[in-house]
Amino acid sequence: MEAYKKWVRRNKDYVHSLESLANGLTWLLPERFSASEIGPEAVTAILGIITAMNEHIIDTTPTQMHVGPVEPNPFPYSLCISAIKDLETVVEVAAQHYFGDDKKWNFIAVTEATKVLVRLILFRNSGYKMLLHGGDTPNIEKHSDFSSSQHNDGGFPRPGSGHGPNGLNPWNLEGRALSALSRFGENARMSSDTVWLRRVQHQQAIMEPPSSKRPTISMILSEKGVQGALFLMGEVLFIIRPLMYVLFIRKYGIRSWIPWFLSLAVDGVGIGFLTQVAKSRDGGKEQHYHLTASEQDELKRRKLLWALYLMRDPFFTKYTRQRLESTEKLLEPVPVIGFLTAKIVELLVGAQTRYTYMSGS
């Protein structure tokens, strides 16, 4: 295993190129959205897990500038969450194939519950920091009472534009679904900037001595007051929202408006709490909870993900799909454009049946 880690770290550019190529080829696998797609989805999940492992290996490259005692590597929660996301569609497809449409939600609920548990543990162990991309990207920026970090990350100038890191694994469910849905919720910046930023943050975290005490809920509530409470509630709602959505789909069915409205309401309340926290830093001398630059970008990403509700049933079946089909018929006589429109609509319909209820989580 050590030999493989050394090879990945020495050939990271080559590894990234292979991952990008394979990511595109998986969409060409046969029967991707058919009733017998267990094989293609399993291949995609396995390759996604391998990609996540490679990114974890690269991000944890040891440095010669280590300060202080050597500590054991923490549990890779981000890698675990990425693996669960990659396996989630395989679980759904296999459960639907062997147990039917109704009973598949039992297996999906167990998978979502596992993901919620891992995220809650990560949220606690990180000192109650905001989960970036659902926990896929480690949040290792230090909180500060000053907002100068909007243009600097960990004391290092950031290259490129002022946008925050996207950090999306191109193999996980969210990355693939958002790519199919016009990459909703993803900030426009080069992936090289993201890799650079994450590497700088990781090296700085290694160089700096560990903090004396990890923040607790009581510390946050006592020091940050109402703003700290709003932040905690908003983040917990974000974590448990997908599980609540799946449980209500399991009870009322995918065609019911109850799960759709409940999920939208939970998202709205959670985002409202976090937005209030973000605005509090512009207030007076009252207690406030400062969000880092990465956390502010994550908040923007979550707001953009509301667009996915257009792709979730029953809204999709009653409204969005009709608009897509009418557009397809309108452009069908046009050479090339009509063909491309038909393929895009087919891709969106296929992605909607699998990914949109889990995306953004």
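This is a predicted model: local features need pLDDT of at least 70, side-chain atom pairs count only at pLDDT 80 or more; totals for chains, interfaces and linings use all residues.
Residues are numbered from 1 along each chain as its sequence is written, and side-chain values use heavy atoms, without hydrogens and water. Local features need pLDDT of at least 70 and side-chain atom pairs count only at pLDDT 80 or more, whereas totals for chains, interfaces and linings use all residues.

The protein chain has twelve helices and two strands. Helices (H or I, at least four residues) and strands (E, at least two) are DSSP runs, numbered from the N terminus. The order of elements is α-α-α-α-α-β-β-α-α-α-α-α-α-α. Of the 361 residues, 46% count as buried (under 20% relative accessible area; exposed is over 50%, partly exposed in between; 1.4 Å probe, protein chains only). Contact means heavy atoms within 4.5 Å. Among contacts between residues at least 6 apart in sequence, 79% join residues at least 24 apart.

Helix H3 covers residues 38-59. Its 22 residues reach 31 Å from first C-alpha to last, close to the 32 Å expected. The expected span is 1.5 Å times one less than the number of residues. Buried residues of H3 include Glu41, Asn54, Glu55 and Asp59. Helix H1 (residues 2-10) packs across H3, with axes that come within 9 Å and cross at roughly 80°. H1 is therefore roughly perpendicular to H3 (65 to 115 degrees; under 35 is roughly parallel, over 145 roughly antiparallel, the rest oblique). Axes are lines fitted to C-alpha atoms, for helices over the stretch in contact, and angles run from 0 to 180 degrees between N-to-C directions. Tyr4, Lys5, Val8 and Arg9 of H1 make the contact with Ile50, Asn54, Ile57 and Ile58 of H3.

Glutamate 92 lies in helix H4 (residues 77-99). Its relative accessibility is 1%, so glutamate 92 counts as buried. Its side chain joins that of lysine 104 in a polar contact of 3.2 Å (a pair of N or O atoms within 3.5 Å; within protein, one must be able to donate a hydrogen and the other to accept it, and residues adjacent in sequence count only if both atoms are side-chain atoms).

Helix H9 spans residues 257-280. Serine 256 caps the N-terminal end, with a side-chain oxygen 3.2 Å from the backbone nitrogen of isoleucine 258. Buried residues of H9 include Trp260, Asp267 and Leu274. The buried residues pack against helices H8 (217-252), H10 (293-304) and H11 (315-331).

The unreviewed UniProt entry annotates residues 229-248 and 260-278 as "transmembrane region". Residues 229-248 are 100% helix, with end C-alpha atoms 27 Å apart. Residues 260-278 are 100% helix, and their end C-alpha atoms lie 27 Å apart.

Definitions and conventions. UniProt positions are given in the numbering used here, feature names are shortened, and annotations may be inferred rather than shown by experiment.
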